[in-house]
Amino acid sequence: MARLSNGYATYFKPSKWKYAHATFYGDDSASETMGGACGYGNLFNNGYGTNTAALSTVLFNNGYGCGSCYQIMCVGSKWCNRNGYGHGSTSITVTATNLCPPNWAQDSNAGGWCNPPRAHFDLSMPAFKKIAFYRAGIVPVQYRRVPCGKKGGIRFSLQGNNYWLLTTVMNVGGAGDIAKMWVKGSRTGWISMSHNWGASHQAFGQLGGQCLSFKIQSYSTRETIIAYNVVPAYWSVGMTYQAKVNFR
């Protein structure tokens, strides 16, 4: 069973278009995008693929930007890809999976693209090549937040031990981001989890040998969703468990 705290589901709506720039990192294999500051691990195995982005410091927001989805379109450059009709720019939708760290040795307009307060997207090479020719290196873009169209329920990847639980939350729909989490064992009340890093939250308590439920609050919408008994009593670290519910 699951429910939203307000008793009904609402839909995350796209934001207004804004301007930024986009670069890329890695090569066509996207191997350098694996892992990342959000903690999603192997992006292919966990359903994110190559349509991913490392966000500049401002957008990454200390990890609370992890999981958010953006529609991005190359604009105003001869290097932009055009759609099949020969006009208009091709757009892509990417999920934030990594941090593009500041480069304080470079000016924000000449190499320090991810320095605050710039909004910037460092895309995987396959994603960048969908909107622009890679030889450009950097292109101006329009972007907007959009709903994350994830299939299936939220997934919880567990690490830690019987007395310390570290949970990475993946495949989050709706706004895609997480503000707060709580965990409940079958023999405990709700335990508040603290933000550890990226998309990971932690709780200190004896939770081994119990079914686990999670309560999750969206960072952007403040809606709360509850996934009851998503993790069985025989859970173990290194495993990922999928709920039947998700944000929209």
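Reply: In residues 163-243 the end C-alpha atoms lie 23 Å apart, and the span is 0% helix and 53% strand, where helices (H or I, at least four residues) and strands (E, at least two) are DSSP runs numbered from the N terminus. This is a predicted model, in which local features need pLDDT of at least 70 and side-chain atom pairs count only at pLDDT 80 or more, while totals for chains, interfaces and linings use all residues. Residues are numbered from 1 along each chain as its sequence is written, and side-chain values use heavy atoms, with hydrogens and water left out.

The span 163-243 carries the UniProt annotation "domain: Expansin-like CBD", taken from an unreviewed entry; UniProt positions are given in the numbering used here, feature names are shortened, and annotations may be inferred rather than shown by experiment. A separate division of the protein gives domain 1 (18-145) and domain 2 (155-242), with bounds that come from an automatic or database domain assignment.

How far apart do the C-alpha centres of domain 1 and domain 2 lie? The distance between these centres is 28 Å, and 17 residues of domain 1 are in contact (heavy atoms within 4.5 Å) with 16 residues of domain 2. The area buried between domain 1 and domain 2 is about 1200 Å², of which carbon and sulfur atoms give 48%; buried area is the accessible area (1.4 Å probe) that two parts lose on being put together, summed over both. On the side of domain 1, Asn46, Tyr64 and Arg145 lose the most area to domain 2, together 41% of what that side buries.

Arg145 also forms a salt bridge with Asp177, the closest N and O atoms being 3.4 Å apart, and the count between domain 1 and domain 2 is one salt bridge. The term stands for a side-chain nitrogen of Lys or Arg within 4 Å of a carboxyl oxygen of Asp or Glu. Side chains of opposite charge can pair when their charged atoms come close.

Within the annotated part there is also a point of backbone geometry to look at. Arg222, in the loop between β13 (212-217) and β14 (224-231), has a phi near 65°, which is a positive value in a residue other than glycine.
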